[in-house]
Amino acid sequence: MHHGQVTATPVVGLVGNPNSGKSSLFNLLTGLRQRIGNFPGVTVEKKAGMLTLPGLPTVELIDFPGAYSCYPTSLDERLVVQELTNPEGDLFPDAIIYVADITKLDKHLLLFTQLRDLDLPMILVLNMADLMDDDGLTVDLAKLSHELGVPVLAVSSRENRGIGELKDTIAELLRSPEDFRPEHPFYEPGASARDVLSELRRELPARNDYHALLLTHHAPWLKHIPDQLRHKVQNARVSHGFHSLRAQVEETMDRYNTFEPIVKQTVRHAGDSDSLSDRIDTVVTHPVFGPILFITLMLLLFQALFAWASVPMDLIELTFGTLGEAIRDNLTAGWFTDLLVDGIVAGLGGVLVFVPQIAILFFFIAILEEVGYLARAAYMFDSLMQRFGLNGRSVVALISGHACAIPAIMSTRTIANWKERLLTILVTPLTSCSARIPVYVILISFAVPQVAYFNGLIGLQGLAFAGLYFLGILGAMLSALVFKWVLRSPDRSFLMLELPAYRTPVWRNVGTTVYQKSKTFVVEAGKIILIISIILWAASTYGPRESMAAAEVQAQEQAIARQLSDEETADVLASERLEASYAGHLGKFIEPVIAPLGYDWKIGIALLTSFAAREVFVGTMATIYSVGSTDDEFRIRERLAEERNPTTGEPVYNRATAWSLLIFYVFAMMCMSTLAVTKRETNSWKWPLVQFVFMTAIAYGGAVLVYQLLS
């Protein structure tokens, strides 16, 4: 690049195979100074972070997706190749830190030698040095470094070992990259490749022969190659009989023959015995005990969600209640105070009250991921999933769908077979995401009595909660089966997974995950909920002038006729005004459609608003019911319990309605963002539409059935 001088913001790429411990190293180097977005033009997650090194401008560290070789088989790998073969691109790194798992070095060096031949300044980081002692590994770092022609460091991101040395080496690398350039390439292209290259070498924007070779292989899809050059490459390939796939296989074999001897000379294993991981796996992935363990783990997770989150949730409710009262007491009464208390504070409370549960859910999922259990779950359920037209990797999507369907749908990119990927995308939103937690929490308290067995270990409400989750999974599997039958396709797929060794979780990574996910929920969901809370507040406070005036008159007449106290009068006035408002008119309009489900027009308003995002349901209820005159408008559960049907005087939230709503929310597609992601991942409006229609139909049918049975 630029000899002697360092660019304004040097870019350093973290590259390596999946499961090499790249993310741990990234978290360690950048801490919480991370930005998570998408790579330009594709839906692959991009993590970038800032790294400060003495005497250098701030370095941007980019965590590239895991890749196995420069001959990509997935979207993630394509992206790595595209960015690393485009020196003009914004993401082209000034240097590369190549992370390899020290215990699997022979598998992880293929991509390393390919990138080294692209003539990029590199450091090889052998991660998981803490496992060397456990596995009895010894590595001759000096010899390895000499043979590979790059600095080699052993690092343990778990024990924070070797990080200082790594930072110093990165600094040296950026100051004088030419000292880090290997003398000779690892691999010399074969005869047919040399012929094509001799014709194209001048045309191609390449730094060296190997770079030109990769551009020749990938010209058909690389974005930075202009069209006329693409045709030239195509013609040259045909005229010289250059067979891309054959050349790739030859090159890969050749590289293995070159670096495997190096690994044998420099890495020594003590007696390879049956590892502890293998012994644990005989139980964990056992055909009978495996699934039992999985279900037990999930049940425990939901019990914990209920038990641990209740105290912080009550505290948050109390805080916002007190805050609302304080604002009322200190500001003059008027529309602005109402907007603050009923619209904004009520809306914010409705978002933040669920942070404890989302944090707990992610805490558990992150631990299962770190320990290496999620990969086992995928492996264990693969054959079962195949029967439903899915793939073992769909399990990961279905499990992470319990946090949020959006990243889950994005995670389906690892499924190579298009039909299995499409099915996974279509049914993932049926698994109950964390946005449904708020709705479940509130409604379960009406649908299920608070009874506990075994000294309070197992509560009926926690069981009902787990039941709803399993119902969602069942719905997803059966839908997949139906789709598999409707969308026929011949090809079967194979699951290729590396089962990582069991490890104790890196708590820093768990912490980072919980922090990032909770933050995303508050920021993303929070924006939607706040905006909707404010719109709702306005729609339920204002209405057509005549009907609002009529409502006031009617409330006054009722108050005189029934000799009500001031407070009761205010309550009657508030509910009459709500009915006359814009929101009331809208609710009344859709009431005939939802009456068979046992819903009144107020629930109707909540159903409409929660299409933006399911968790808005609770905020909507808070906003609608807090339009009353009662001071303590944050005790939403109590507020719902008091709600009566004006004609019969029955509670609105009886068992039948509560269960009907629960079933509706298990199946309904109530999330605009999920539809948007489905559109982006499938590249057409057809599939999100299919998704929306089939989920709404199941939800409506299920809710009608439940309500009619229970009432």
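Select Arg376 and Tyr502. Arg376 sits over the ring face of Tyr502, 4.0 Å from the ring centre. A charge counts as over a ring if NZ of Lys or CZ of Arg is within 6 Å of the ring centre and within 35 degrees of the ring normal. This is a predicted model, where local features need pLDDT of at least 70, side-chain atom pairs count only at pLDDT 80 or more, and totals for chains, interfaces and linings use all residues. Residues are numbered from 1 along each chain as its sequence is written, and side-chain values use heavy atoms, with hydrogens and water left out.

Next, Arg78 and Trp221. Arg78 lies over the face of Trp221, at 4.4 Å from the ring centre.

Now the ring pairs. Rings of Phe, Tyr and Trp (its six-membered ring) pair if their centres lie within 6.5 Å; planes under 30 degrees apart are stacked, over 60 edge-to-face, the rest tilted. The count is 14 aromatic pairs. Select Phe363 and Trp507: their ring centres are 6.3 Å apart and their planes at 25°, so this pair is stacked. Phe363 is in helix 14 (residues 355-371) and Trp507 in helix 22 (residues 507-541), 144 residues apart. Helices are DSSP runs (H or I, at least four residues), numbered from the N terminus.

Colour by accessibility. Buried means under 20% relative accessible area, exposed over 50%, partly exposed in between (1.4 Å probe, protein chains only). Phe363 is partly exposed at 30%. Trp507 is exposed at 54%.

Finish at Tyr440 and Phe465. Their ring centres are 5.9 Å apart with planes at 90°, so the pair is edge-to-face. Tyr440 is buried at 0%, and Phe465 is buried at 0%.

Definitions and conventions
Helices (H or I, at least four residues) and strands (E, at least two) are DSSP runs, numbered from the N terminus.
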